[in-house]
Amino acid sequence: MPLLKAMRHKILLLLTLLAMSPVLLAQTQDFDRWFTGGTLRLDCLREGSAQGDTVWVEHWIDRQCDWHGSRTQLLDPFNNGDNRVVVRDAATGRELYSRGYSSLFREYKDTPEGRTVTRRFEETLLLPMPKGKVMIALQRRDQAMRLVDQTVVEYVPRQTRLETRSPRNIEGKEYEFLDHGKDVDFSLYGDSYNKFDMAFVMQGFDTMDDMAYKQVCNRMKQLLFDKEPFRSFKTDFNIYFVKGDAGVEYNAFGIDRYAMTFKVWQLHDVLGQVPCDHIIIVLNNKKYGGGAIYNFYSVSSLHSMAEMVLTHELGHGIGGLADEYVDEELSYADLHRTKYEPLEPNITNLVDFDSKWRRMLKKGTPVPTPENAKVPRTENGPLGVYEGAGYSSKGVYRPVMHCMMRDYAPFCPVCRERIEAVIGLYTE
Ligand SMILES: [Zn+2]
């Protein structure tokens with residue numbers, strides 16, 4: 001970063017430290033004890049099928065930029081995502097940093113091809129750069145949904161060889177920031193480590209003229225903050241726009257509307273050093289489509305339904321929420337009809353409902369709750385436990401009659417609570 005900016009950061013940090021509570025101060029000092037303030041990027045490969053998989057680090061990369069994540073919320077409080085990365089102090093085994101995430105591989109292994117055919121998938125993990133020797137565990141779920149170490153790699157400062165990437169020259173194309181602030185009001189840019197950094201990667205906009213491009217960017221910002229709970233938190237966000245080819249194509253896994261990228265490393269090359277607590281890839285295409293994976297990335301097109309699609313996908317991408325709708329035709333319709341409680345906070349198969357939204361139910365609410373056909377599609381209706389969710393018509397339950405994760409109604413209280421908690425994880 002430019003020297004002046006670095007100095008400004010130091011001064012701001014000093015001022016912030018003076019104003020912090022003792023607990024926060026201790027946590028920040030903890031961060032400084034274990035991490036340099038830089039960013040380590042791990043480009044990993046996961047290879048396998050439903051029969052099993054292996055994962056390894058293919059490229060160790062110094063992102064050559066400040067750590068954009070939180071400096072106080074270092075451990076992931078949620079038991080969500082198919083995978084988790086855990087950074088441990090090599091000497092004591094103490095957990096220093098962890099984050100849950102999912103990847104395209106989980107969906108692949110539930111497809112007909114994925115049951116037998118081995119394929120490779122790219123994953124990129126961004127971590128605070130460790131100061132000392134650490135062990136980095138790539139975890140996955142075992143049969144009982146518990147997180148277990150799958151691959152453990154050692155990182156030793158100055159010994160582990162780190163590659164760099166040119167941030168300004170991706171396939172010969174310069175990328176640009178669209179500096180928000182001049183023409184919109186929700187532009188309170190703050191330090192990336194206590195803002196939720198939303199990085200929009202704009203695919204297919206290279207030949208669009210500047211005026212039109214700016215309009216698209218403004219529309220995306222409006223879409224993001226159009227719905228609650230995002231609207232109430234808009235000053236907690238930093239927004240970045242980067243033009244580039246993220247490799248997204250429609251028809252992922254043979255589903256026409258499912259637009260995803262398998263070129264995750266390329267996506268991160270396009271991002272370069274841009275802070276990204278979450279990534280939204282925007283396609284310059286009016287065709288309906290999109291997709292999202294928890295703590296991985298989300299995709300939206302410019303379809304007229306984009307505002308609904310984007311908000312719904314962010315429920316997956318940011319909140320780690322499940323679909324609350326029923327679609328028995330899907331090959332993975334019985335995904336949650338198991339003897340283990342699903343990980344997602346907004347559905348339950350009643351195996352361990354106490355871990356879900358029982359505490360939020362009004363006293364006397366029957367479990368399960370009978371459907372109420374009178375609730376209009378624009379309202380949630382009363383909180384309950386309604387059968388039919390997570391693609392299954394039987395045995396899986398949702399909190400309300402209508403929700404963004406079911407039929408584009410407003411987010412229900414259970415979904416909202418989780419999204420707000422996740423935003424807090426990056427802004428506190
Ligand atoms: Zn919901």
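How many bridges pair strand β3 with strand β6, and in which sense do they pair? Let's start there. Strand β3, residues 83-89, and strand β6, residues 134-141, pair in the antiparallel sense over seven bridges. As one example, Val87 has Ile136 in β6 as its bridge partner. By pairing I mean that DSSP finds at least two bridges between two strands.

Before we go on, a word about what you are looking at. This is a predicted model, where local features need pLDDT of at least 70, side-chain atom pairs count only at pLDDT 80 or more, and totals for chains, interfaces and linings use all residues. Residues are numbered from 1 along each chain as its sequence is written.

β3 and β6 belong to an open sheet of four strands, in the order β4-β3-β6-β7, with antiparallel pairing. At the edges sit β4 (95-101) and β7 (147-155), each pairing on one side only. From one strand to the next, the twist averages 20°. For that angle, axes are lines fitted to C-alpha atoms, for helices over the stretch in contact, and angles run from 0 to 180 degrees between N-to-C directions.

Stepping back, the chain has eight helices and 16 strands. Helices (H or I, at least four residues) and strands (E, at least two) are DSSP runs, numbered from the N terminus. Of the 428 residues in the chain, 41% are buried. A residue is buried if 20 or more other C-beta atoms lie within 10 Å of its own, exposed if 12 or fewer, and partly exposed in between, with C-beta atoms placed from the backbone.

Most residues other than glycine have a negative phi, and most peptide bonds are trans. So which bonds are cis here? One joins Glu228 and Pro229, with omega about 5°, and Pro229 is in the loop between α4 (210-224) and β9 (237-243). Another runs from Val367 to Pro368, with omega near -5°; Pro368 is in the loop between α6 (306-317) and β15 (386-389).

And where do we find a positive phi? Tyr391 has one of about 80°, although it is not a glycine. Tyr391 lies in the loop between β15 and β16 (392-398), and it counts as buried because it has 23 C-beta neighbours inside 10 Å. Tyr408 also has a positive phi, near 65°, in the loop between α7 (404-407) and α8 (413-427). Is Tyr408 buried or partly exposed? With 18 other C-beta atoms within 10 Å, Tyr408 is partly exposed.
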